[in-house]
Amino acid sequence: EKFNKDLELFAVYRANKPLIRAFKKIANNMQLPHEKIAVIGDQIFTDVYGANRCKMMSILVNPIEPMENLFFKLKRRLEKYVIKRMNKKVK
């Protein structure tokens with residue numbers, strides 16, 4: 001919400017990712033096929049996974065601010081493991 005405050009763009013807050021409903025809502029609003037949309041996000045298990053489920057391009061970026069609660073710390077640790085494994089496959 002805070003990133004969109006000044007931009008005033010169409011946005012879906014509390015999207016419950018990786019469920020695909022929000023991704024479809026965005027595609028319908030943009031009037032674009034899913035294959036023409038790129039989703040930029042900082043979480044593999046929500047942003048990237050949800051986009052890929054909808055056949056959208058996904059771009060993983062570094063988080064802007066760290067998540068402090070235990071759930072996010074554990075999830076970030078698991079994401080680091082997945083990224084490390086993916087990087088080994090690419091080499």
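A: Helix 2 spans residues 44-53, and its buried residues are Ile44, Thr46, Asp47, Val48, Gly50 and Ala51. Here, buried means under 20% relative accessible area, exposed means over 50%, and partly exposed lies in between, with a 1.4 Å probe and protein chains only. Helices (H or I, at least four residues) and strands (E, at least two) are DSSP runs, numbered from the N terminus. The model is predicted, so local features need pLDDT of at least 70 and side-chain atom pairs count only at pLDDT 80 or more, whereas totals for chains, interfaces and linings use all residues. Residues are numbered from 1 along each chain as its sequence is written, and side-chain values use heavy atoms, with hydrogens and water left out.

The cover over the buried residues of helix 2 includes helix 1 (21-30), strand 1 (38-41), strand 2 (57-60) and helix 3 (70-90). Contact in this account means heavy atoms within 4.5 Å.

Of these elements, helix 3 can be described through its axis. The axes of helix 2 and helix 3 come within 11 Å and cross at roughly 50 degrees. The axes are lines fitted to C-alpha atoms, for helices over the stretch in contact, and angles run from 0 to 180 degrees between N-to-C directions. Helix 2 contributes Ile44, Phe45 and Thr46 to the contact, and helix 3 contributes Lys75, Leu78, Glu79, Val82 and Ile83. By class, the contact has five nonpolar, one polar and two charged residues; Ala, Val, Leu, Ile, Met, Phe, Trp, Tyr, Cys and Pro count as nonpolar, Asp, Glu, Lys and Arg as charged, and the others, Gly among them, as polar.

Thr46, a residue of helix 2, is buried because its relative accessible area is 11%. Not counting residues up to four places away in sequence, Thr46 touches Lys17, Pro18, Phe23 and Lys75. Two of these partners, Lys17 and Pro18, are joined by a cis peptide bond with omega of about 15 degrees. Pro18 belongs to the segment before helix 1. Most residues other than glycine have a negative phi, and most peptide bonds are trans.

Ala51 of helix 2 is buried and also belongs to the largest nonpolar core, whose seven residues are Phe23, Ala27, Ile37, Val39, Ala51, Cys54 and Met56. Such a core is a set of buried Ala, Val, Leu, Ile, Met, Phe, Trp, Tyr and Cys residues joined through side-chain atoms within 4.5 Å. Within this core, Ala27 touches Leu32, His34, Ile37 and Met56, not counting residues up to four places away in sequence.

Just after helix 2, Lys55 takes a positive phi of about 65 degrees, although this residue is not a glycine. Lys55 lies in the loop between helix 2 and strand 2 and is exposed, because its relative accessible area is 57%. Gln31, in the loop between helix 1 and strand 1, likewise is not a glycine and has a positive phi, of about 55 degrees. At 72% relative accessibility, Gln31 counts as exposed.
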